Amino acid sequence: QEDLEALIAEFQSLDAKKTQVIESSCPPPSPRLNGSLSAHPEKDELILFGGEYFNGQKTYLYNELYVYNIRKNSWSKVEIPNPPPRRCAHQAAVVPTAGGQLWVFGGEFASPNGEQFYHYKDLWVLHLATKTWEQIKASGGPSGRSGHRMVACKRQLIIFGGFHESARDYIYYNDVYSFNLDSYTWSKLAPSGVGPAPRSGCQMATTPEGSIIIYGGYSKQRIKKDVDKGTLHTDMFLHKWAWSRLNPSGVKPTPRSGFSVVIGPNNRSLLFGGVHDEEEEESIEGDFFNDIYFYDIGKNRWFPGQLKGPKSEKRKRRRGRQAEADDAEDEEMEKRPQGPVEVVKEVVAEDGTVMTIKQVISGAAEEKKFESEEEEEEEDGALGQQVEPCPRSNAMLAVKHGILYVYGGMFEVGDRQFTLSDLYSIDLHKMEEWKVLVEMDPKAQEWLEESESDEEEDDTEGAEGGEEEEESSEEESEDERGEEQHPSVQPDEEHADYLSRTEQYWIKLARSNMGLDAKEKKVVKVAHAMAKTFYEDSV
């Protein structure tokens, strides 16, 4: 703990040397997760703060501030003197006061080896009009934590839950605090009734009347020495001076953690993505999601967000004369009785690892999806493939003018973590199609295997200079890959013949990539996928 505090202090002393605001245009931010993305209350801008990145050997924490200009589809980096220390898993909330304020509470700092954590309990405000950071020192606030939730509600910030982890133990919270934005004072609320069990990473939304809604989240308990049991919560509560249990109608999200939340138009709270971990003996396999669920606060009803697909011009003109049809279609979508259907796809990474993607869509949507996929194959891709964010957890969301923006996040394949830096948008009023604003190929991302010598490296350097190090190691790995010769495809050789001739080579390669503990069936599956990818690239 003392080491981490010294490291944080060292970073702050470097930040303190900045004396003026420097705003400069820049390429899109580097990959990260667990940052915050907030819509500017007055301008067509999104504000990205903080986050983390892990490259297989080191954890990098950020306190950079980026601004995305929606109209220009461009990024700028804003360096402001004396910012909050670098962090992730914090919470940010925007209020329209005095040209806009971005409030930030809590979060965590991790040692470069990812084994020690420092949890913040500080409160900061970024004055957007003057571009100045201010730390608010008020007593009586929540203890240090991350994974909590914070919303702005009627001149208050409301904070719920979260967790604190030390080298020896961890604790999850279900307490509620409010911070008064006029008097700058904290209050601990003590609602009556039976409330949510302690948890982190839940969905938290406010109603127009000022009540708070809590859904889902994650917690774990120690059941015996060195054995923890995780719980995915799927219950829902209303907080209005007292806690009460909600039993919503409609189609609820499938159980998951790491989902992202934001308030959308029409009094609807929105949930995106996440992961469902299946624990097998000592390993954890995760199914990642890229679906959207809406919770209609007024109707106490869940429903899945279903893409309608772009409409033809003729249909658009006809629907323009009867706008009510849109509302009717929304109602129909909500009433649809059938539950979600899982569709499983596989994507092969550059190193041959197979990523299983589960998407949850309705029966009707599933039918249309397969029809359109068949048409695309028949017409040799002439229709163009529909873009969508790949399944992920811990992404950053913001809504501006009814448009949802999804940035970054992560997914895992085996022991490898892919961290994202892409940006997608979708019009929540139309729900027609996703648009990709910043592309990224996760397969091109470098992943460094753990080594003992790396753990001894300088901590300060490790937590600061991530991007340059990535570039140099990427060059080296490309050279190494160039030296490796896979069995070549012979002229006019069919895929089945190539596989049968080279199968043992690919199984050996897959085994070396996946480790000796991997199950034989899975190794063969990955080997076949690698061979197929190489065959198709060669033909």
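In this predicted model, the largest nonpolar core comprises 16 residues, of which Leu270, Phe272, Ile292, Leu404, Leu428 and Trp434 touch the most other members. Two or more residues are contributed to this core by each of the strands β22 (268–280), β23 (283–296), β27 (396–400), β28 (403–413) and β29 (416–427). The surroundings of Leu404 illustrate the packing: with residues up to four places away in sequence left aside, Leu404 is in contact with Val262, Leu270, Ile292, Leu397, Ala398, Val399, Tyr424, Ser425, Ile426, Leu428 and Trp434. In soluble globular proteins, nonpolar side chains tend to be buried together.

Charged side chains form 14 salt bridges in the structure. One of these joins Arg32 to Glu64, with an N to O distance of 3.1 Å. The two partners are 32 residues apart, Arg32 being placed in the loop between β1 (22–26) and β2 (36–39) and Glu64 in strand β4 (residues 59–69). Arg32 is buried at 0% relative accessibility, and Glu64 is likewise buried at 17%. Both residues belong to a salt-bridge network that also includes Lys77.

A further salt bridge, at 2.7 Å (N to O), connects Arg87 and Asp122. Arg87 lies in the loop between β5 (74–79) and β6 (91–95) and Asp122 in the loop between β9 (117–119) and β10 (123–127), so this pair ties together parts 35 residues apart in sequence. Arg87 is buried, with a relative accessible area of 0%, and Asp122 is buried at 11%. In the salt bridge between Arg501 and Glu493 (2.9 Å, N to O), Arg501 is partly exposed at 40% relative accessibility, whereas Glu493 is buried at 11%.

Technical notes: Residues numbered from 1 in each chain as written. Predicted model: local features only at pLDDT ≥ 70, side-chain atom pairs only at ≥ 80, totals over all residues. Heavy atoms only, no water. Core = buried A, V, L, I, M, F, W, Y, C linked by side-chain atoms within 4.5 Å. Buried < 20%, exposed > 50% of the residue type's maximum accessible area, 1.4 Å probe, protein only. Helix = DSSP H or I, 4+ residues; strand = E, 2+ residues; numbered from the N terminus. Contact = heavy atoms within 4.5 Å. Salt bridge = Lys/Arg side-chain N within 4 Å of Asp/Glu carboxyl O.
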